[in-house]
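Me: I have a few quick questions about this one. Can we go through them in turn?

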Amino acid sequence: MSQSPIEEIRRSIAPELERLSGRIAESLTTSNPMLHTIVAGNLRTKGKMIRPITVILTAQLLGGVNDMVIDSAASVELLHNASLIHDDVVDASRMRRGEPTINATWDNHIAVLVGDYYVSTSMQLAINTGNVHIIEAVCDLGHRLSLGELDQIYNARYHVLTEDAYFQIIDFKTASLFKACARMAAHACGVDDERSKALTRFAELLGLVFQIRDDIFDYYSDELVGKPTGNDLREYKITLPLLHVLLDGSLPDHDKMKELGGKEQLSDDEIEELYAFARDNGGIDYAYAVMQRMRDEAMQCLEIFPDSTPRRQLADLFNYIIDRKF
């Protein structure tokens with residue numbers, strides 16, 4: 001059986017990923033037995049490492065992977081994980097990546113402190129690079145992640161339904177992480193020209209597509225996706241497929257569906273009714289069309305670089321994000 005694109009990429013940069021894992025584990029080392037247990041469990045359930053992979057591939061395209069690149073990748077991954085830990089507290093999530101969340105196992109108080117520990121460790125890794133531009137990128141990232149979460153809460157609470165508001169949220173909450181990956185890799189390689197600008201835009205588009213694709217999963221059954229679905233609407237988050245159809249006043253049952261989408265609490269049947277409305281009226285197709293336009297622009301960003309393995313792998317990574325099944 002052939003490997004998936006992400007598996008092939010991980011195999012090709014296995015030495016760099018091993019260095020990265022070692023750097024993350026080393027930076028989180030603690031003498032506190034409880035924190036050590038929590039960190040060890042968290043490291044065992046790490047995801048696909050898409051963000052640090054983006055750092056490494058960007059650096060390979062710009063010159064090579066040095067210690068500053070590894071520290072940058074570790075910093076952004078830890079800040080990402082800190083945001084997930086804090087999000088689980090905010091959303092009262094009980095499971096992540098098939099395992100109980102820290103807040104579910106220990107409690108909210110401890111989870112918040114562990115998230116803070118990850119934030120401070122991320123900052124220390126950025127400081128270790130001695131590069132003020134990398135430090136600035138991490139600080140800007142933390143700022144945007146916080147604002148994105150607050151904007152999302154505000155929009156859900158006050159029923160702000162515009163595509164501009166949706167894209168600003170996913171830009172801050174998701175794309176900002178990918179942009180930071182490209183910016184930090186470029187600074188670690190000493191590159192600040194049209195190449196870094198092109199790769200930062202590529203990474204931004206990658207992040208936007210990542211979130212749109214993730215949002216689409218919520219519109220299908222748990223059995224098809226392999227994880228709980230319907231959670232976005234339970235948290236009053238209206239994502240692109242449903243947003244698109246709710247903004248189209250010409251659709252049958254539009255007024256009824258818009259009123260339903262504004263309810264404070266929805267039953268499982270009502271959630272399925274809204275999601276079926278999005279699926280049946282082209283909401284999913286619209287989201288895929290948006291991702292395709294973003295893919296076309298992202299491939300143009302790579303055209304300034306000569307053909308190489310890192311360039312092809314960045315393109316493969318983008319396609320994988322759109323095509324992934326979970």
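This is a predicted model: local features need pLDDT of at least 70, side-chain atom pairs count only at pLDDT 80 or more; totals for chains, interfaces and linings use all residues.

Me: Which helix holds Thr58?

Reply: Thr58 sits in helix H4, residues 50-62.

Me: And what is Thr58 in contact with, leaving aside neighbours within four places in sequence?

Reply: Ala182, Ala185 and Leu199 are in contact with Thr58, once those neighbours are set aside.

Me: New topic, H3. How many residues does H3 have, and what does it reach from first C-alpha to last?

Reply: H3 has 12 residues, 33-44. The helix reaches 17 Å, close to the 16 Å expected at 1.5 Å a residue.

Me: Which residues of H3 are buried?

Reply: Leu35, Ile38, Val39, Gly41 and Asn42. They are on the same side of H3, because they cover an arc of only 165° around the axis.

Me: What do the buried residues of H3 pack against?

Reply: Three helices: H5 (67-91), H6 (102-105) and H7 (108-128).

Me: Which exposed residues are on the face turned away?

Reply: Pro33 and Arg44 are carried there, on the face of H3 turned away from its buried side.

Me: What happens at the start of H3?

Reply: A side-chain oxygen of Asn32 comes to within 3.0 Å of the backbone nitrogen of Met34.

Me: Now the largest nonpolar core. Which residues touch the most other members?

Reply: Phe202, Ile212, Leu242 and Phe318 do, in a core of 100 residues. Helix H9, residues 163-188, gives the largest share of this core, with 13 residues.

Me: What about Cys301?

Reply: Cys181 has the closest cysteine sulfur there too. The sulfur of Cys301 is 16 Å from it, too far for a bond.

Me: Is Cys301 buried or exposed? And where does Cys139 stand, buried or partly exposed?

Reply: Cys301 counts as buried, because its relative accessibility is 11% and the cut-off for buried is under 20%. Cys139 counts as partly exposed, at 41%.

Conventions:
Residues are numbered from 1 along each chain as its sequence is written. Side-chain values use heavy atoms; hydrogens and water are left out. Helices (H or I, at least four residues) and strands (E, at least two) are DSSP runs, numbered from the N terminus. The expected span of a helix is 1.5 Å times one less than its number of residues. Buried means under 20% relative accessible area, exposed over 50%, partly exposed in between (1.4 Å probe, protein chains only). The arc is that of the directions from the helix axis to the C-beta atoms. Contact means heavy atoms within 4.5 Å. A polar contact is a pair of N or O atoms within 3.5 Å; within protein, one must be able to donate a hydrogen and the other to accept it, and residues adjacent in sequence count only if both atoms are side-chain atoms. A nonpolar core is a set of buried Ala, Val, Leu, Ile, Met, Phe, Trp, Tyr and Cys residues joined through side-chain atoms within 4.5 Å. A disulfide is a pair of cysteine sulfur atoms within 2.5 Å.
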